[in-house]
Amino acid sequence: MNTWKQITFMWFSLLVLGLAPGGVAFAQVKVTAATPASAYQDTSLDVVVSGSGFDKTAKAQYFVTGTTNPGGITVTQVVFRKSTEIVTTINVADGAVLANFDIEVTLSSGRKGKGTTLFSVMAKQGNAPNSTPTYPPGRFYHAFASNGGSTSATSRLYMFGGAANSSGADLGDLWSYANAGSTGAAWTFIPGGTSAPSVRHVMGWSCGGGKCVMVNGWRGSSWIKETWVFNESTQTWSQASCGRRVLCPSYRAGPAMAYDPSHAVHVLFGGEGDGDPMLLADTLLFDAGTKTWKQVSGGVAPPAREAAAAVYVPGVGVVMFGGWGNPCCVTTLNDMYVWNGTAWAPVASTVVSDQPRDVPMLALASMAWDSVRSAMIVTGGFLTAWHTPNEETWRVTFANTGGAWRSTWTLATGIGCHSAAGSPPDPVVHPGARMAFDPVAGVQVSFGGEAEQGASSYANTVECW
C-alpha cells in the first residue's frame, strides 16, 4: 500500500472510531436549550440554540417531539456564534402543529445531537388570546426605556419592536421588565389587542407620566408617520390623529426622545427624514394627555442629527448627546445640548482621565439618570458609522457656572454584570444592545444586539450595576 493510501486509511479508521490523532475523541454535539422557547403560529423569529460541540458547519432541524415530522417549522438560516451557541432563523407556519419540538443539530462531519422538548408552538394570538410567550425574541434597533417609577411596585422598563435581522424581519411586540436586580426579575409580554402599532424599528420612544409614546420609525422598506400612546393603567394602545390640519412629526427614523416630568411633555428632536434635508433639526413637544404635538424653537439650536441619545436630568433638563450628523450617517457626533423647557443650550464637556482624551463620539448610545450616584450613565452604541462598538460606560455629572452648563465625564469602574430573567447564559452586552435603567434597583438592564452585521440578533438580558 503506497504512502497516501496508508494515510487515507488511517484517517478513515480514526473517523469511524470517532477518534482524532493522539487518541483525542471528537467533541460530542449536545443541544441543551432554546431561547425563546416558544412561538406563535404564523411568525418568523431568531432562536438561540445552546449546547456544545458546534462548529461553523452546524445545521439545525426542528421535529415534533419523538418524530421526524418538522411540524410546520422551517429553518431558513443558521448562524454560528461559538461552540456553545448557534442562532436559528425559523418560520413557523400558520398551520404549524401545536406541540413540543425537538431540535437536532448536525455537523458536516456527520456528528449530531438532539435536545428533546426544547421548543413549543402556540396557537396564534387571534385563536388563543390567553397563550402568551414568556421571553422576548432577539432584536436590535428596538425601543427600551424606564417609566420612571419610584417604587419596586411601579418601576417598569418597557421594550417595543426592533429588527430581528437585516432582511426585513421586524417585530411589533411590547414587553415590560420588572424586579431588576433580584431573583424575581422577569419579562412580561403585553398583548396588543385589536388596536396596536405595526412592526417597526428605529422609532422614537419615551416613557413617563403613566404613558409611553412611540413615534414613526421604519418598517421593511417604508417610512412611517404615526404617533401611538401606550397607557400603563389600562395596558392599551391609542393612536393620535395626524393630518393636514393636525401637526405630527414628519416621516422620520431615529429621532431623539425623552420624557420631561417637570413640564409633563415628551421632547423629540431630529432624526433621519424622508426627503431633503435628509437629517432633521426640529424640536417638537407631545402632550400625551391631549395627544397633541407642538413645534417649538429657542436658544442655540443643535445641528441636525439622527440616532442621538436623550434623557431627563433633574435640575438640568432634557439632555441630548451625540448621534450621526451631516454628511448623513457618516459623521459621528460628541456634542451635548440641554432643553430647559423653553430653549436649547450647549453643554461644554470635559473628560477626567490620566491621559488626555476627548469625549467619545457615539451614535445609538443609551443614556439614563442614576439618582443614587447623581450621575448620568452613557453606555453602548457605536463609535463610527461602520458600527465599531463602544465598550465603555461613562458617568457624567453637571454644573452650572454663570448660566452656562458644563458636564464632566468619568469612566465607570467596578461594574459587574450577569445574565437575568431566563436569558441565555451569556452575561455579555452585545453590540447594538439597548439599555434602560431601573431607578429603584439602581441596575442597568441591557437587551439584544446585532450579530453577523445584522444577519441575526441576540436575545440576551444582562443586568449591570
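Predicted model: local features only at pLDDT ≥ 70, side-chain atom pairs only at ≥ 80, totals over all residues.
Buried here means under 20% relative accessible area, exposed means over 50%, and partly exposed covers what is in between (1.4 Å probe, protein chains only). Residues are numbered from 1 along each chain as its sequence is written, and side-chain values use heavy atoms, with hydrogens and water left out. The structure holds three disulfides, a disulfide being a pair of cysteine sulfur atoms within 2.5 Å.

**Overall pairing**

- Counting bonded cysteines along the protein chain, the disulfides follow the pattern 1-2, 3-4, 5-6.

**C207 and C212**

- C207 is joined to C212 by a disulfide with an S to S distance of 2.1 Å.
- The torsion about this S-S bond is about 110°, so the link between C207 and C212 is right-handed.
- C207 is buried at a relative accessible area of 8%, and C212 is buried too, at 0%.

**C242 and C248**

- Another disulfide connects C242 with C248, and here the S to S distance is 2.0 Å.
- The link of C242 and C248 is left-handed, with -80° about the S-S bond.
- C242 counts as partly exposed at 33% relative accessibility, whereas C248 is buried at 8%.

**C417 and C464**

- The sulfur atoms of C417 and C464 lie 2.0 Å apart and form a disulfide.
- C417 belongs to strand β34 (residues 417-419) and C464 to strand β39 (residues 461-464), so the pair ties together parts that are 47 residues apart in sequence.
- Strands (E, at least two residues), like helices (H or I, at least four), are DSSP runs numbered from the N terminus.
- About the S-S bond of C417 and C464 the torsion is about 110°, so this disulfide is right-handed.
- C417 is partly exposed, with a relative accessible area of 35%, while C464 is buried at 6%.

**Two further cysteines**

- C328 is partly exposed, with a relative accessible area of 21%.
- C329 also counts as partly exposed, at 26% relative accessibility.
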